[in-house]
Amino acid sequence: MRIAIAGATGVVGRHVLAAAQARGHDVLPLTRSTGHDLARGAGPAGTSLAAALDGVDTVIDVASVQTTSAARSRAFFTAVTSNLLRAEREGGVGHHVALSIVGIDGVDASYFAGKLAQERLVAGGAVPHTILRATQFHEFTEQVTARLSLGRLLTPIPIGRYRPVAAREVGARLVEVAEAAPAGRARDLAGPREERLVEMVRRMFAHDGVRRPVVEFPFPGAYGRASASDVLRGGADADRGAVTFDDWLRSGDHTPIGSRTDAAASTRT
Ligand SMILES: NC(=O)c1ccc[n+]([C@@H]2O[C@H](COP(=O)([O-])OP(=O)(O)OC[C@H]3O[C@@H](n4cnc5c(N)ncnc54)[C@H](OP(=O)(O)O)[C@@H]3O)[C@@H](O)[C@H]2O)c1
């Protein structure tokens, strides 16, 4: 099967790519680093996205933007999804697979506003689709500390009550979904254990040898209220990954802070 992966260099995208290749698929990465700007709807060197998708059976969309602005998130996911769906129709792609987030119904705020806009476009679009929702990745601890650390002084962490899952397991599930027929909504995928984000960050710092205070704060608005409630943990009917946060910390999938090049890395004490 020829599978195009939008966002193939991202946290989950690189696992989607590896899983698809390991299962013998012919893979086409779609990212700016491969010359595809999905927000602008452009292929490499002035070619169209539809031309790039010629011969592709399925598109897995795991492109993303890092923002807490609802307007920016909506603009990104609306542009990327509209451009992909248009090119897929023109290019004859038979299945659009999108990754979304467990428990975001009615949370039309911050980053989640873009995810809801994306889901609506995919569900209402003409390309047969499957939407898989997953909980926060274990890797979210790396993403959030890279963005929020205040030098060596302090790492403020929003209240987050999650059931986190390994991005590797989400990547493998997305490839299984791509191999199956379009299903509309797939079963949610959550991790094996309930966790609190601040405790995950403290364990990651201890593991990586970072001595820096971590304080929890309530993130404002509807996004913060959802994160502090149980809704993002998903229901009892969700499928469960097997890799715990502590398994992941000890695995090669976690990049210790001392080996990273982001802001958190530069403030190691
Ligand atoms: N992180 C989580 O905890 C979590 C949990 C559940 C679901 N999800 C969902 O998983 C998906 C991926 O999230 P992630 O955290 O893995 O993302 P990420 O690490 O931020 O990666 C984003 C990817 O999108 C690509 N990209 C960004 N702008 C682009 C553009 N204009 N054109 C083409 N490609 C572009 C990036 O590549 P270039 O920079 O090279 O373009 C990169 O490959 C998102 O839909 C997110 O909502 C995430």
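**Helix packing and the ties around it**

Tutor: Helices α3 and α4 are roughly parallel to each other, because their crossing angle falls under 35 degrees. Keep in mind that this is a predicted model. The α3 helix covers residues 70-91, and α4 covers residues 110-124. Their axes come within 7 Å and cross at roughly 25°. The crossing of α3 over α4 is right-handed.

Now the residues that touch. On the α3 side they are Ala70, Ser73, Arg74, Phe77, Thr78, Thr81, Ser82 and Leu85. On the α4 side they are Ser110, Tyr111, Ala113, Gly114, Lys115, Ala117, Gln118, Leu121 and Val122. Sorted by class, this contact holds 8 nonpolar, 7 polar and 2 charged residues.

Look again at Ser110. This residue of helix α4 is part of the contact with α3. Its backbone stands out as well: Ser110 has a positive phi of about 50°, though it is not a glycine. Most residues other than glycine have a negative phi. Ser110 has a relative accessible area of 9%, so it counts as buried.

Ala45 sits in the loop between β2 and α2. With a relative accessible area of 83%, Ala45 is exposed, whereas Ser110 is buried.

Next, a second helix pair. Two packed helices are described by the angle between their axes and the distance between the axes. For α5 (residues 140-148) and α7 (residues 197-208), the axes come within 10 Å and cross at roughly 85°. These helices are therefore roughly perpendicular to each other. From α5, the contact uses Phe140, Thr141, Glu142, Val144 and Thr145. From α7, it uses Leu197, Met200, Val201, Met204 and Phe205. The class count for α5 with α7 is 7 nonpolar, 2 polar and 1 charged.

The crossing is right-handed. His15, Val16, Ala19 and Ala20 of α1 meet Ala167, Arg168, Gly171, Ala172, Leu174 and Val175 of α6. By class, the contact of α1 with α6 has 7 nonpolar, 2 polar and 1 charged residues.

Stay with α6 for a moment. Leu174 belongs to its contact with α1. Asp26 and Leu174 are 148 residues apart in sequence, and their C-alpha atoms are 15 Å apart in space. Asp26 lies in strand β2. It is partly exposed, at 41% relative accessibility. Leaving out residues up to four places away in sequence, Asp26 touches Met1, Arg2 and Ile3.

Now turn to charge pairing. Side chains of opposite charge can pair when their charged atoms come close. The structure holds 20 salt bridges. One of them joins Arg23 and Glu179, with 2.6 Å from N to O. Arg23 lies in the loop between α1 and β2, and Glu179 lies in helix α6, so this pair ties together parts that are 156 residues apart in sequence. Arg23 counts as exposed, at 52% relative accessibility. Glu179 is partly exposed, at 29%.

A further salt bridge links Asp230 and Arg161, whose closest N and O atoms are 2.7 Å apart. Asp230 is in the loop between α8 and β12 and Arg161 is in strand β7, so parts 69 residues apart in sequence are tied together. Asp230 is partly exposed, with a relative accessible area of 41%. Arg161 is partly exposed too, at 22%.

Then there is Arg187 with Asp239, a salt bridge with 2.9 Å from N to O. Arg187 sits in the loop between β8 and β9, and Asp239 in strand β12. This pair links distant parts of the chain, 52 residues apart. Some salt bridges share partners: Arg161, Arg163, Glu194, Asp230 and Arg233 are joined into one network that way.

How values were computed
Residues are numbered from 1 along each chain as its sequence is written. This is a predicted model: local features need pLDDT of at least 70, side-chain atom pairs count only at pLDDT 80 or more; totals for chains, interfaces and linings use all residues. Side-chain values use heavy atoms; hydrogens and water are left out. Axes are lines fitted to C-alpha atoms, for helices over the stretch in contact, and angles run from 0 to 180 degrees between N-to-C directions. Helices (H or I, at least four residues) and strands (E, at least two) are DSSP runs, numbered from the N terminus. Angles under 35 degrees count as roughly parallel, over 145 as roughly antiparallel, 65 to 115 as roughly perpendicular and the rest as oblique. A crossing is left-handed if the near helix is turned anticlockwise from the far one by less than a right angle, and right-handed if clockwise. Contact means heavy atoms within 4.5 Å. Ala, Val, Leu, Ile, Met, Phe, Trp, Tyr, Cys and Pro count as nonpolar, Asp, Glu, Lys and Arg as charged, and the others, Gly among them, as polar. A salt bridge is a side-chain nitrogen of Lys or Arg within 4 Å of a carboxyl oxygen of Asp or Glu. Buried means under 20% relative accessible area, exposed over 50%, partly exposed in between (1.4 Å probe, protein chains only).
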